[in-house]
Structures are given as structure tokens and as C-alpha cells.
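Please read them with the model open.

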Amino acid sequence: MAASPTQLSLKLLRDQGFVAEVVERWIPGANIRKDLFGFVDIVAVDGKRTVGVQATSASNMSARKKKIMESEVLGLVRSSGWEIWVMGWKKVGTRWEHRVVEIV
């Protein structure tokens, strides 16, 4: 089974010392996933920061960033002290590489 962007992001965050959990949920019947606040797949904390992460493929990063920037609750979440990251993944050879963009 191939690793998903969410699985890869969870491992990376935990390896960096964060406590991280998936917060998106599956909606049965509608067959869709619903992100926390419409754009957060993972919440990670390290005692100093709270980070909301949108995990995606590298090729989808700009679409995810646009979705987040258009959210009506982004300002409220940011003013509550949260950092918002888009974490994009791509496979290069046999390794996974990531890029992180912070939404400010």
C-alpha cells in the first residue's frame, strides 16, 4: 500500500517532536471526507505551537492554498494563535520529499 500524504505528514511531525492527530472525518452516505474548519487534516502541538496541517500531493499545493485563503474562518483560526501549513509530498525515485508552505 502506498503512503498517503496524511500518513507521511503524521510521521514527519511526530519525528519532529509534535504530538499530532488526524482530525478530518469520513461522512458515511455522502462518501466524502470533511476537514476541520474546512481545511485542516492534522492538528499538531509541541508545547509552544498549535499547527493545522493540510496534507496533499505536491502538485495539489496551490489549489489547497487557494482553498484555505478563501476560507471565512482562516482569520479567526490564525488570530487564535494557530499556524496553518500546507504540506505537499512527491515521490522522487524511492524517497518521499516534502515542501511546507505556511499560510500567513
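1. In β4, Val 45 is the bridge partner of Val 19. The model is a predicted one, in which local features need pLDDT of at least 70 and side-chain atom pairs count only at pLDDT 80 or more, while totals for chains, interfaces and linings use all residues. Residues are numbered from 1 along each chain as its sequence is written, and side-chain values use heavy atoms, with hydrogens and water left out.

2. The pairing of β1 with β4 (residues 42-45) is antiparallel and rests on 4 bridges. Another facing pair here is Glu 21 with Val 43 in β4. Strands count as paired if DSSP finds at least two bridges between them. Helices (H or I, at least four residues) and strands (E, at least two) are DSSP runs, numbered from the N terminus.

3. Both strands belong to an open sheet of 5 strands in the order β1-β4-β5-β6-β7, with mixed pairing. At its edges are β1 (19-22) and β7 (95-103), each of which pairs on one side only. On average, neighbouring strands of this sheet are turned by 25° against each other, direction ignored. For such angles, axes are lines fitted to C-alpha atoms, for helices over the stretch in contact, and angles run from 0 to 180 degrees between N-to-C directions.

4. Next along the sheet, β4 is joined to β5 by 4 bridges, and the two run antiparallel. Ala 44 stands opposite Val 51 in β5. The two strands form a hairpin with 4 residues between them, and Gly 47 in the turn has a positive phi of about 95°.

5. How do β5 and β6 pair, in the parallel or the antiparallel sense? The sense is parallel, over 8 bridges. Within this pairing, Val 53 stands opposite Trp 85 in β6. As for cover, 6 of the 8 residues of β5 are buried, so the strand is mostly covered (buried means under 20% relative accessible area, exposed over 50%, partly exposed in between, with a 1.4 Å probe and protein chains only).

6. Helix α1 (residues 5-15) packs on the sheet and touches β1, β4, β5 (50-57), β6 (82-92) and β7. Its direction makes about 115° with that of β6. Contact here means heavy atoms within 4.5 Å. The buried residues of α1 are Thr 6, Leu 8, Ser 9, Leu 10, Leu 12 and Leu 13. Their cover includes β1, β4, β5, β6 and β7. Just after the helix, Gly 17 takes a positive phi of about 95°.

7. Leaving aside residues up to four places away in sequence, Ser 9 touches Ile 42, Ala 55, Met 87 and Trp 89.

8. Ser 4 lies in the segment before α1. With a relative accessibility of 26%, Ser 4 counts as partly exposed. Between Ser 4 and Asp 46 there are 23 Å in space, C-alpha to C-alpha, and the two are 42 residues apart in sequence.

9. For the whole protein chain, the secondary structure comes to 3 helices and 7 strands, following the pattern α-β-β-β-β-β-α-α-β-β along the sequence. Of its 104 residues, 36% count as buried. Among contacts with a separation of 6 or more, 51% are between residues 24 or more positions apart.

10. Along the principal axes, the C-alpha atoms fill a box of roughly 40 × 40 × 25 Å. The accessible surface comes to about 6400 Å², of which 53% belongs to carbon and sulfur atoms; accessible areas come from the Shrake-Rupley method with a 1.4 Å probe, and for residues only the protein chains shown count as cover.
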